[in-house]
Amino acid sequence: MSDRAEPTDLVGTFEDIARLLLAAPTQAETLSRIVNAAVAVIPGCKHAGISLIQNRTISTPSASDEIPIQVDAIEYETNQGPCLEAIEKHEVYLADDLTTETRWPDFSQRAAEETGIRSLLSFRLFVLEDTMGALNLYSP
């Protein structure tokens, strides 16, 4: 996830995404459009998922394909990883290479071996001060 778009390119992209999201009839459709837009417009992003907190439980209600669901399941099982950190600590977390990542030892090696994902980027999703979950981007 290294190639960067020029700021002027991003303005048009964000306008297009905003129009796309406003047209979504349901929450599920909105989430689906977000993950599909992430894969379509973010260089290097091959998979995307959204993790949401509902009734004190974190789940993945929307994903671009099965890979985010598999990676997130490993995070939830090990209780480690960038998505959970983004939600808990209200920060952005980047893991450049899971095979050398030391912050989440139980999660990192297993996720890399089982899914082929090496790079992750997780952003906290929030409204006002309430954390809703995280947007997670994945790359091999």
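Helix H3, residues 66-78, and helix H5, residues 105-115, have axes that come within 10 Å and cross at roughly 155 degrees. Angles over 145 degrees count as roughly antiparallel, so that is how H3 and H5 run relative to each other. The crossing of H3 and H5 is right-handed.

Now the residues in that contact. On the H3 side they are Ile 67, Gln 70, Val 71, Ile 74, Glu 75, Glu 77 and Thr 78. On the H5 side they meet Asp 106, Phe 107, Arg 110, Ala 111, Glu 114 and Thr 115. Sorted by class, the contact of H3 with H5 has five nonpolar, three polar and five charged residues.

Next, the charged pairs. How many salt bridges does the structure hold? There are six. As a general point, side chains of opposite charge can pair when their charged atoms come close.

Last, confidence. The protein chain has a mean pLDDT of 86, and 83% of its residues reach 70 or more. Over residues 2-8, though, the pLDDT is below 50. Beyond near neighbours in sequence, that stretch has three contacts in the model. Where pLDDT is low, the predicted coordinates should not be read in detail.

Conventions:
Residues numbered from 1 in each chain as written. Predicted model: local features only at pLDDT ≥ 70, side-chain atom pairs only at ≥ 80, totals over all residues. Heavy atoms only, no water. Axes fitted to C-alpha atoms, helices over the stretch in contact; angles between N-to-C directions. Helix = DSSP H or I, 4+ residues; strand = E, 2+ residues; numbered from the N terminus. Parallel < 35°, antiparallel > 145°, perpendicular 65-115°, else oblique. Left-handed = near helix turned anticlockwise from the far one by under 90°. Contact = heavy atoms within 4.5 Å. Nonpolar A, V, L, I, M, F, W, Y, C, P; charged D, E, K, R; others polar. pLDDT = per-residue confidence, 0-100. Salt bridge = Lys/Arg side-chain N within 4 Å of Asp/Glu carboxyl O.
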